[in-house]
Amino acid sequence: MTEQQALYKYCTQLGDNALIQSYRLAEWCSRAPILEEDLALTNMALDMTGRAQLLLQYAGQLAGKGQTEDDLAYRRSEPEYSNSLIMELPDDDFAFTMVRQLLTSTFEYFLYSALTSSTDKTVAAIAAKAVKEAKYHMAHTTDWVIRLGDGTDESSRRTQQALNKLWPYTEELFETDDAHKMLLAAGIAADVNKIKASWSEHINATRTAAKITMPSDDYQHSGGTRGIHTEYLGHILSEMQYLQRAYPDAKW
Amino acid sequence: MVKTNHTRSEIFKLLSAIPDPEIPVVNIQEMGMLRDVIISEEGYNVLLTPTYTGCPAMAQIQHDILALLASEHIAPAKVTLILEPAWTTDWMSEQAKEKLKKYGIAPPLHSSCNQGVFANNTIHCPLCNSANTSLISRFGSTPCKSLYQCNDCKEPFEYFKCH
């Protein structure tokens, strides 16, 4: 694997994480509990779409086959997607969405903070934008998780249920492969071990403030980054890619 | 071969007439989005920097730039999006901030206010200038704005986030 191939893999993975998160967040459009939250969820979805666009555009350039961000988004099938499994899980309720977004946005805030000093100029430039957006997502979801967890009996029960269900998908965020290792040595990728310490600290502090307990089950799922997905990704792609599959090269 | 009968400053002046499609009281130069115009033998290359990664106004702005240049027979022209250095609200001119305030949008504080994740900044009401305001939502009608309310004059208003 050349460094360029490793970087393609890395950027595709970051881009896929943003794209699938965007899809799940956008599903809330017109369905959020209050108007302000409808705006917040779709704003976050828009930030994720923008991030996915930049990362997949760069990945397409690195591959050198003339692929655009749209080709990568609409013309790859599930095994070619490398997002973490946590991104594709369907939303049970508002508490689930907020807990997931807290877990992923906190990870992304520390990840993109580290990537602002990447030796790859494009990665560093994308990170400089993404980190500012991730910070808003992290602050917003932290507030909500505390409010829900330390709220009514029902909101607390649902928040705890969401964390129990999501926790077994968190370890995958910190997985590394050969591409990561090569890029880490070159100063391009971020060191996930360092990110994990900061992430754990913030998640634990938020969990404590929300009066939510740590799930006891320590089983962890894995596979998304290697293209082995849950059944849910296929359903996402069948809807997201429908138009380009049915009418190839259709343009607005 | 391009006839360079349009200077960089002329094109800059021309493009400065293009408003931000979301906040039409300010133009793309005051917003700090219009970075440069490069004139070479290949034509005119307008360097534009995106404000927010997913901001849908970017496509409209690119379209407006190309349409305006075409109407002035400035060709061949293209728009290149540049990511580095990343756009910051610190590039907004004082004039733009004043216009935002008159329009009813609280202008962004300096981006240094943005260092902490949970920074609690005082945002002044653009209508009565009161510092007694509270945050309604971190997200507003566009990615760049938050929703606030003034506790004195009771008016809700938007704040252009520092970025």
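Predicted model: local features only at pLDDT ≥ 70, side-chain atom pairs only at ≥ 80, totals over all residues.
A:Asn17 touches A:Asn83, A:Ser84 and A:Met87, leaving out residues up to four places away in sequence; contact means heavy atoms within 4.5 Å. The residue is found in helix α1 of chain A, helices being DSSP runs (H or I, at least four residues) and strands likewise (E, at least two), numbered from the N terminus. At 6% relative accessibility A:Asn17 counts as buried, where buried means under 20% relative accessible area, exposed over 50% and partly exposed in between (1.4 Å probe, protein chains only).

Residues are numbered from 1 along each chain as its sequence is written, chains are lettered from A and ligands numbered from 1 in the order in which they are written, and side-chain values use heavy atoms, without hydrogens and water.

**Salt bridges within the chains**

- Over all chains the count comes to 17 salt bridges, a salt bridge being a side-chain nitrogen of Lys or Arg within 4 Å of a carboxyl oxygen of Asp or Glu.
- A:Lys9 pairs with A:Asp177, the closest N and O atoms being 3.4 Å apart. This pair links helix α1 (residues 3-26) to the loop between α6 (153-166) and α7 (178-185) of chain A, 168 residues apart. A:Lys9 is partly exposed, at 38% relative accessible area.
- A:Glu108 forms a salt bridge with A:Arg51 at 3.1 Å between the closest N and O atoms. The partners lie 57 residues apart, A:Glu108 in helix α4 (residues 94-115) and A:Arg51 in helix α2 (residues 35-63) of chain A. A:Glu108 is buried at 4%, and A:Arg51 is buried at 1%.
- B:Glu30 and B:Lys99 meet in a salt bridge of 2.7 Å, N to O. B:Glu30 lies in the loop between α1 (8-15) and β1 (34-40) of chain B and B:Lys99 in helix α3 (residues 94-103), so the pair ties together parts 69 residues apart in sequence. B:Glu30 counts as buried at 8%, whereas B:Lys99 counts as partly exposed at 29%.
- A network of salt bridges links A:Asp93, A:Glu154, A:Arg157 and A:Arg158.

**Nonpolar cores**

- The largest nonpolar core has 80 residues, and those with the most contacts inside it include A:Leu7, A:Tyr10 and A:Leu103. A nonpolar core is a set of buried Ala, Val, Leu, Ile, Met, Phe, Trp, Tyr and Cys residues joined through side-chain atoms within 4.5 Å.
- Helix α4 of chain A gives this core its largest share, 13 residues.
- Beyond its neighbours within four places in sequence, A:Leu7 is in contact with residues including A:Tyr58, A:Leu62, A:Leu183 and A:Ile188.
- Another core, of 30 residues, lies apart from the largest one, and among its residues are B:Ile18, B:Met31, B:Met58 and B:Val79.

**Interface of chain B and chain A**

- In this interface 27 residues of chain B are in contact with 27 residues of chain A.
- The two chains bury about 2400 Å² between them, 66% of it on carbon and sulfur atoms; buried area is the accessible area (1.4 Å probe) that two parts lose on being put together, summed over both.
- The rule finds 1 salt bridge across the interface: B:Arg138 with A:Asp143, the closest N and O atoms being 2.9 Å apart.
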